Amino acid sequence: MKIMKFGGTSVGRPERMHQVKDLITRGDESKIVVLSALSGTTNSLVSIGEALAAADKFLAKSRIDELHAHYNQFYPQLLKSDVAKEKAQEIIKEHFEFLNILLKISFNEAINRDILAQGELLSTKLFHTLLEELEIPAVFLSAFDFMSIDENAEPELQKISDRLKAILAQHPDDSIFITQGFICKNHLNEVDNLKRGGSDYTASLVAAAIQATSCEIWTDIDGMHNNDPRIVDKTRPIAEMSFDEAAELAYFGAKILHPASIWPAQQFNVPVKLLNTMKPEAQGTLIKADVATVGVKAIAAKDGITAIKIKSSRMLLAYGFLRKVFEIFEKYKTPIDMITTSEVAVSVTIDDLSHLEHILEELGTFCSVEVDRDQTIICIVGNMVSESKGAIQSVIDSLIEYPVRMVSFGGSRHNVSVLVDSKFKKEALQSLNQDLFSW
Ligand code: ASP
Ligand code: MG
């Protein structure tokens, strides 16, 4: 059994949903199909939640109506028969009635998560209605019946696996299952989610839970590119990469694959394929355990990075200093990305600035701190071990024209990261692209 996950753009138009139908009915391997919300829907639901949080019911209502109108013109293009159209009408009515009821009650975080869940519920129900109309047998699975997270918002893989296997065992003769990405139940049995972009994570967790043969992530580009095609010319899709390389890249290429979605597939050794719904015959990118190719495979960049230089003469020859520093970031649940150290200073980067002020205040009690905003991490990923002589050298050479704020190398054999001011990003990426890949 394999997993096929389709993102928002793959289901965002009626004709695309028909393409998805074609793709899931090819071949005879049974499959669990994981769908995102139609593109734009989750953003719109977020804005409804924000309007309600700001007690602006008027704005919330107008956004609900706008979204409602979108679905009302979506389904008649998706479906042909009156029976199917009536069913779709009912589905849409139910979910928009729910949203409208929320206008009347007092808003809280749990309600907000309920709002966010409507997108995937709508997309999967409408898609299932299409399959019914075409008499394609498929079982509709509610993610709420098996996807769960614990009190730390971590997925409960073992429980997910037990529940899902039990559900599948009830349908021994079925071969197509449809379910929602992103949404789940939390430890209080409330509706929750796996955070924005979390449908990929659902797919990978489901793949791990049933030890699937593969996990296909269908998007609107033909795989992971070796550089950002929006910034650099002449990029190309990477045919094959290892889980480790993909993990390094996913943080940067979050647009194509949610970073958390690597570990479940990796742990259960399920190959992940990144494929293009619009170009199904394209090779895409295959991510698996053992990949023989060496050398630089990809370059990626992440903006919005803040570097913090933490300096203290007490660090010299002391132990426990780094722990003290890291504990502050831990206390404020702020992940650190890059780290570089000298004898008397350590520089770290973060991208979540929500607690920056508190962090700086606490660090300031025992160190001097300097902050550089608007930085970009450029990450060069590949299997560099057998070439380590050349790898770091060619990166440095290529960046000779640009001031580099931090360099991190040796943390893993798959990554060299450099930090530059964001104003140099485009040129730096272009230069690395020219120098590191042979065409
Ligand atoms: N619909 C959710 C989002 O837009 C989850 C996903 O599509 O991955 O974030
Ligand atoms: Mg996505």
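Colleague: Glu 370: buried, exposed or partly exposed?

Modeller: Partly exposed, with a relative accessible area of 44%. Bear in mind that this is a predicted model.

Colleague: What does Glu 370 form a salt bridge with?

Modeller: Lys 309, with the closest N and O atoms 3.8 Å apart. Lys 309 sits in strand β11 and Glu 370 in strand β14, 61 residues apart. Lys 309 is partly exposed too, at 27%.

Colleague: How many salt bridges are there in the whole structure?

Modeller: A search finds 20. One of them joins the side chains of Lys 5 and Asp 200, at 2.7 Å from N to O. That pair links strand β1 to helix α8, across 195 residues.

Colleague: Are those two buried or exposed?

Modeller: Lys 5 is buried, at 6% relative accessible area, and Asp 200 is buried at 5%.

Colleague: Changing topic. Which residues surround ligand 1?

Modeller: Ser 36, Ala 37, Thr 42, Glu 120, Phe 182, Arg 196, Gly 197, Gly 198 and Ser 199. The shell divides into two nonpolar, five polar and two charged residues.

Colleague: Which side chain has an N or O atom 2.7 Å from a nitrogen of the ligand?

Modeller: That of Thr 42.

Colleague: And what lies by the ligand's oxygen atoms?

Modeller: Backbone atoms. A polar one of Gly 198 is 3.3 Å from a ligand oxygen, and an N or O of Ser 199 is 3.0 Å from a ligand oxygen.

Colleague: What share of ligand 1 does the protein bury?

Modeller: 87% of the 260 Å² that ligand 1 exposes when taken alone.

Methods:
Residues numbered from 1 in each chain as written. Chains lettered and ligands numbered in written order. Predicted model: local features only at pLDDT ≥ 70, side-chain atom pairs only at ≥ 80, totals over all residues. Heavy atoms only, no water. Near = heavy atom within 4 Å. Polar contact = N/O pair within 3.5 Å; in protein donor to acceptor, adjacent residues only side chain to side chain. Areas by Shrake-Rupley, 256 points an atom, 1.4 Å probe, with all protein chains shown as cover. Nonpolar A, V, L, I, M, F, W, Y, C, P; charged D, E, K, R; others polar. Salt bridge = Lys/Arg side-chain N within 4 Å of Asp/Glu carboxyl O. Helix = DSSP H or I, 4+ residues; strand = E, 2+ residues; numbered from the N terminus. Buried < 20%, exposed > 50% of the residue type's maximum accessible area, 1.4 Å probe, protein only.
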